[in-house]
Amino acid sequence: MAKISVGLDIGFSSIKVVSLSFEGDKAHLLSLGSIATPQPGVLSDNDIDLEAVAQAIKKLLAAAKINEKEMSLALPESKIFTRVIDDLPYLTNQELDSAIRYASEEFIPLPITEVNLNWQVIYRGNKGEKNAKTMVFVVASPKNLVNKYMKTVLLAGLKPKLMETEIIATTRSLVGNNPFSPTTLIIQMGASNTDCAVVSKGMIWLTRSIATGGLALTRALAQQFNFEINQAEEYKKVYGLQEDQLEGKVYEALRGVVDIIAQESKRVIQAFETKYPQNPIKRVVLSGGGAKLPGLVVYLANILGLEVQEADPWYLISKDAAMQQKLSQDAPSFSVAVGLALREE
Ligand SMILES: Nc1ncnc2c1ncn2[C@@H]1O[C@H](COP(=O)(O)OP(=O)(O)OP(=O)(O)O)[C@@H](O)[C@H]1O
Ligand SMILES: [Mg+2]
């Protein structure tokens, strides 16, 4: 029997789910869906709010006809501390554990007892070699945050299989672990946040999250034109960053916020290329619901001076012809959920 794997992405504005079946390592799409996230959502300290999210998840799974109880979850990038530590000497796994604990104090503003610490070796030189180094990718998730996600999915009658950060999941669906794919900057624009990651040789080298996303764009329009939020949202989706629409008025109102994201992306590129000058970034992949903002691909390509593509997390996955049309409309929103479902183990 084919193995089934489900990814659940509880975003700030919507919850997405993807279910895949595997024949060997070939993935086939079984089902997908999304539903609006009841506010304030899963970051609330109030159990009633978590219960509301749980109910929405149940509804979503029923509509998508997903019966599996076990699924993988994404944790919000903005609440997680990640870092590549690249100044360690050659160390065994056991030695690494204490070295990482020590080094982590520098970038985790919480007591180490309040986080779950995970790490993955990116590179390790040969033992005995002079100046052999170890590079690790470290992820520290606040226990308090993990508990809220855990509680929510348990309330929905589910069993969490594993949790990883949004950008790790996205990297899997958009780049995979192909060591030969060009060095890539992923910009993932959700509703509340925009997350960036530099991916090279199938691994993440740098991540950054800023608290500016699609919602900030909508708010800028609402404020500028005295619109209701729903109306602003509509204008954003229809006109976006197109200078030749409505005398460029929507374009002008959105530009200030988009430039915050563009400048941050530029800083990420500069930080990476200063550190690894022999490995320049070759392309940008734009993900998350915000990637669909009309005109954004061209706008960013001009500012960053790089090729920019809209994300297609479905490219590795086989699907029935009937699904094809539906998928292409909403592709960038599903990068996280697809990446979660693609995780093997
Ligand atoms: N066609 C479109 N044009 C512009 N923006 C869009 C379009 N479609 C969706 N968006 C925006 O994308 C955002 C939602 O994206 P996404 O579903 O990736 O966010 P989320 O996962 O719910 O949020 P977060 O990742 O911040 O928790 C919203 O701000 C929405 O306005
Ligand atoms: Mg999201």
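Biologist: What does Ile 187 touch?

Modeller: Ile 187 touches Thr 194, Asp 195, Cys 196, Ile 261, Ser 265, Val 284, Val 285, Leu 286, Ser 287, Leu 300 and Leu 304, leaving aside residues up to four places away in sequence. Contact means heavy atoms within 4.5 Å. This is a predicted model: local features need pLDDT of at least 70, side-chain atom pairs count only at pLDDT 80 or more, and totals for chains, interfaces and linings use all residues. Residues are numbered from 1 along each chain as its sequence is written, and side-chain values use heavy atoms, without hydrogens and water.

Biologist: Which residue in S12 stands opposite Ile 187?

Modeller: Leu 286 does. Strand S9 (residues 184-189) and strand S12 (residues 283-287) pair in the parallel sense over 5 bridges. Two strands pair if DSSP finds at least two bridges between them. Strands are DSSP E runs of at least two residues, helices H or I runs of at least four, numbered from the N terminus.

Biologist: What makes S11 and S13 the edge strands?

Modeller: Strand S11 (203-210) and strand S13 (307-310) each pair on one side only. The order of the open sheet is S11-S10-S9-S12-S13, with mixed pairing.

Biologist: Which residues touch the most other members of the largest nonpolar core?

Modeller: Leu 8, Ile 10, Ile 57, Leu 185 and Ile 187, out of 77 residues. Such a core is a set of buried Ala, Val, Leu, Ile, Met, Phe, Trp, Tyr and Cys residues joined through side-chain atoms within 4.5 Å. Helix H7 (residues 249-275) gives the largest share, 11 residues.

Biologist: Why is Phe 272 called buried?

Modeller: Buried means under 20% relative accessible area, exposed over 50%, partly exposed in between (1.4 Å probe, protein chains only). Phe 272 has 1%, so the residue counts as buried. Tyr 276, at 12%, also counts as buried.

Biologist: Why is the pair of Trp 314 and Phe 334 called tilted?

Modeller: Rings of Phe, Tyr and Trp (its six-membered ring) pair if their centres lie within 6.5 Å; planes under 30 degrees apart count as stacked, over 60 as edge-to-face and the rest as tilted. Here the centres are 5.9 Å apart and the planes at 45 degrees, so the pair is tilted.

Biologist: What does this pair tie together?

Modeller: Trp 314 lies in the loop between S13 and helix H9 (321-330), and Phe 334 in the loop between H9 and helix H10 (335-342), so the pair ties together parts 20 residues apart in sequence. Both Trp 314 and Phe 334 are buried.

Terms used: Chains are lettered from A and ligands numbered from 1 in the order in which they are written.
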